[in-house]
Amino acid sequence: MSVNNKNIAKNTLFLYIRMLLIMGVTFYTSRVILAALGETDFGIYNVVGGMALMFAFFSSSLSNATQRFLNIALGKKDVEEANRVFSLSQTSFLLLSLLVLVIAELIGLWFIYNKLVIPSDRLDAALWVFHATVISLFFTINGIAFNSVLIARENFKIYAYIGVFEALAKLAIALALSFTDSDRLKLYSSLYVGMTIVVQLFYAAYCICKYEECRIGFFWDKKLFTQLSSFIGWNTFGTAVWALNGQGMSMLMNTFFGVSVNAARGISSQVEQAINNFNTGFITATKPQVVKMFATGQYNPFVKLTFDSSRFSFFLMLALSLPVIFQRELILTIWLGEPPALASAFVFWALIFSLVNSLTNPLWNAIQAIGNLRSYIIIGGVVYSLAFPLSYVGLLWFHNPVLPLVILTMVRFIYVFVSLAILKRYIRLSITNYIGRVVGPIVYVVLPAGLGHYLLQTLYSPKGIVSLIFWGCISLAVTLSCIYIFGIKSDERLWVKTKIKSIIHL
């Protein structure tokens, strides 16, 4: 367990450094892109590119399946089995990517012409963005097996380096837009595709040279294919529901309010994604250990790590979200100059949703480790999919563009406890114990931390970037103090003290 915890800590550190650099570059890049494209083209890119990326739920499904079977094989130190998983996955992904390419083009073009609200003079650019995004998706799907090998091997160092390269490349692309008189939206989407292809080719070359299980060749095993297909199929249904409630909401807003609201939603999505990436780093670092624990029959540590991951996942999100929630208007002004209307309200509810969602990610890791997705996906998917029709009805009645995010957050909260009830069917765990180990400490932390931030905002209101950074440091200290006092157990508190002392005495 000590070795596992050290691996999780080391891998999380690599991913956090990656996320810090990426977040800083991404925020500046977004400002440059918004200024270069303008609000209309930025909104078009968000809704049209996002619509094409709805088909990326295949990517998540395939990645989850490949990682699970690779983790089990490598946990048993069976490289030949890992190669069979890799080869079958790569062959299947190539065929599937061709199918997705055709289906995405047919459905996407119909939707653009018949449903989306896009200015007529920008329809040609919107189509260009869509085609470019579909091509990017094709290469991304074919790179999934290689990305899965890196995660299963827990090689997060390379993962971090490439992530930083991607962020810097996006910044270079954004800056290049300022020096051209051609159609900037077309140029941006084209350069973005080129960057994606280069990154995926690098992943492939590195893994082929580094890992013996990455021997490319045709392989067929009916039993393994059936297992992979079953896992992918149920995973795809679950991630399709996620895509519906994510990008589907953007398209729903577009049909009611047009591209200006999509621009505001796009900004909130970038803030949400930046903060979620920190949480994803932690969850990604724990995932291989969760799968290996279940595969080797360590069921009590498996449940403990799942519960503790939920608690710390929320605390991490809270520490990052609170300063943004309380100072979002100033942050948006410093970041964008003149942010789109409703951006502040969208950011608020996007972060509240992210806090609730941080509880579900470790539960999803646990159910994938167990491998029996059917009931979890059917019941959980039905519950979560209610957000879309409820949002549609809500918009018809109240015509409030923020309402879908409110509904999405409420449904996601219900989904947490539905997930626990389903997970309980497969492994011995107590929902009461979850409430005591996870929900209770969260409540004890959120109340004093929220009150502390309210008082802090009342006593000291930052005016510029320097005072905002100072305010953020105080905010972080307040949140971490509340977590230390109210959110962690005595043995965890002792571990923190020991680590701090060891750092001081270096």
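Reader: Which residues do ring pairs link into a cluster?

Author: In this predicted model, Phe202, Tyr206 and Tyr211 are linked by ring pairs into a cluster. Local features need pLDDT of at least 70, side-chain atom pairs count only at pLDDT 80 or more, and totals for chains, interfaces and linings use all residues of the predicted model. Residues are numbered from 1 along each chain as its sequence is written, and side-chain values use heavy atoms, with hydrogens and water left out.

Reader: How many aromatic pairs are there, and what makes tyrosine 188 and tyrosine 192 a tilted one?

Author: The count is 16 aromatic pairs. Rings of Phe, Tyr and Trp (its six-membered ring) pair if their centres lie within 6.5 Å; planes under 30 degrees apart count as stacked, over 60 as edge-to-face and the rest as tilted. Tyrosine 188 and tyrosine 192 lie 6.1 Å centre to centre with 55 degrees between the planes, so the pair is tilted.

Reader: Why is tyrosine 188 called buried, and what is tyrosine 192 called?

Author: Buried means under 20% relative accessible area, exposed over 50%, and partly exposed in between (1.4 Å probe, protein chains only). Tyrosine 188 has 7% and is therefore buried, whereas tyrosine 192, with 23%, is partly exposed.

Reader: Why is the pair of phenylalanine 348 and tryptophan 349 called edge-to-face?

Author: The planes are 90 degrees apart and the centres 5.4 Å apart, so this pair is edge-to-face. Phenylalanine 348, at 24% relative accessibility, is partly exposed, and tryptophan 349, at 25%, is partly exposed.
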